[in-house]
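Open the model in your viewer and keep the sequence panel beside it.

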Amino acid sequence: MNRRSVLTLTAAGASAALAGCASLFDASLPDALADVDPDPDQLPTPTIGSGGVSIDVYEDFACPHCRDFEADVVPELEERVLDPGTASYRHRDFVLPADEDRSIPMANAARAVQAATGTDDEPTGQFFSYKRAVMEAGTPDNEELAAIAEEEIGIDPSVVADALEENTYYPTLAAEWEAANGEGIDRTPTVVVDGESVEDPLDADKIVSMVEDA
């Protein structure tokens, strides 16, 4: 990814009234991840599509603007550039946290679903289906996260409950946070198309245009 492009958005876009949950980068990792050894290889990057143009989306599950992105922008991208095979959408966890109590558990639960449903051929599994259901629910508590896994995905709720109890995928979340921090990401959602940041992440037409021009 083009670090200069991301930092350009940080410098120029931060002064604009763009939708997004923001963080300060002179801070450390969120407390829950501070003593975790990051493991970028614990799980593969959740991905939709296989097109040659990358759409990297940095998200916090509890961020209300990320919920807007999921509800309003993702369906447009699926129809216009993902299903046709033009682009691939890669989810990047970036727990600010937008919600001190829920951001990390929600992301951890989604990774548990990915691990439980992914295969060698489809390593993303049902991650995105679960993500959508969780975001539609707002900021569900731990019991609700486990129930959504059973009701929407059809897997044993203990898969999520155990991951929440054991903080199983914190190494992935810590690695994702450090990678985003290194790229100069400072808010969620942040959308980067083929290395170029999108000024307004909720502008589906602009994202599609950048994909087509890449």
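Of the 214 residues in the protein, 50% are buried. This is a predicted model. Colour by secondary structure to see 8 helices and 7 strands. Among contacts in the protein with a separation of 6 or more, 81% are between residues 24 or more positions apart.

**Stop 1: helices H3 and H4**

Select residues 103-117, which are helix H3, and residues 127-136, which are helix H4. Their axes come within 8 Å and cross at roughly 150°. An angle over 145 degrees counts as roughly antiparallel, and H3 and H4 are therefore roughly antiparallel to each other. The crossing of H3 past H4 is right-handed. To see the contact, show side chains for Met106, Ala109, Ala110, Arg111, Val113, Gln114 and Thr117 on H3, and for Phe127, Tyr130 and Val134 on H4. By class, this contact between H3 and H4 has 7 nonpolar residues, 2 polar and 1 charged.

**Stop 2: helices H3 and H7**

H3 passes H7 in a right-handed crossing. On the H3 side, select Ile104, Ala107, Asn108 and Arg111; they meet Tyr170, Thr172, Leu173 and Glu176 of H7. The contact of H3 with H7 divides into 4 nonpolar, 2 polar and 2 charged residues. Arg111 of H3 is listed in the contact with H4 and also in the contact with H7.

**Stop 3: Glu78**

Which residues does Glu78 touch, not counting residues up to four places away in sequence? They are Ile48, Asp83, Pro84 and Arg132. Ile48 is 30 residues from Glu78 along the chain, and the C-alpha atoms of the two are separated by 8.4 Å.

**Stop 4: the cysteines**

How many disulfides are there? The count is 0. Cys66 is in no disulfide: the nearest cysteine sulfur belongs to Cys63 and is 3.5 Å away, whereas a disulfide needs the sulfur atoms within 2.5 Å. Cys66 has a relative accessible area of 0% and is buried. Select Cys21 as well; its relative accessibility is 14%, so Cys21 counts as buried.

**Stop 5**

Most peptide bonds are trans, and most residues other than glycine have a negative phi. This stop and the next show exceptions.

Select Leu96 and Pro97: the peptide bond from Leu96 to Pro97 is cis, with omega near 0°. Pro97 is in the loop between strand E4 (87-93) and H3. Then move to Thr188 and Pro189, which are also joined by a cis peptide bond, with omega about -5°. Pro189 lies in the loop between strand E5 (187-188) and strand E6 (190-193).

**Stop 6: two positive phi angles**

Pick Asn167, in the loop between helix H6 (158-166) and H7. Asn167 is not a glycine, but its phi is positive, at about 55°. With a relative accessible area of 33%, Asn167 is partly exposed.

Finish at Asp194, in the loop between E6 and strand E7 (196-197). Phi of Asp194 is also positive, near 50°. Is Asp194 buried or partly exposed? Its relative accessibility is 45%, so Asp194 counts as partly exposed.

Methods:
Residues numbered from 1 in each chain as written. Predicted model: local features only at pLDDT ≥ 70, side-chain atom pairs only at ≥ 80, totals over all residues. Heavy atoms only, no water. Buried < 20%, exposed > 50% of the residue type's maximum accessible area, 1.4 Å probe, protein only. Axes fitted to C-alpha atoms, helices over the stretch in contact; angles between N-to-C directions. Helix = DSSP H or I, 4+ residues; strand = E, 2+ residues; numbered from the N terminus. Parallel < 35°, antiparallel > 145°, perpendicular 65-115°, else oblique. Left-handed = near helix turned anticlockwise from the far one by under 90°. Contact = heavy atoms within 4.5 Å. Nonpolar A, V, L, I, M, F, W, Y, C, P; charged D, E, K, R; others polar.
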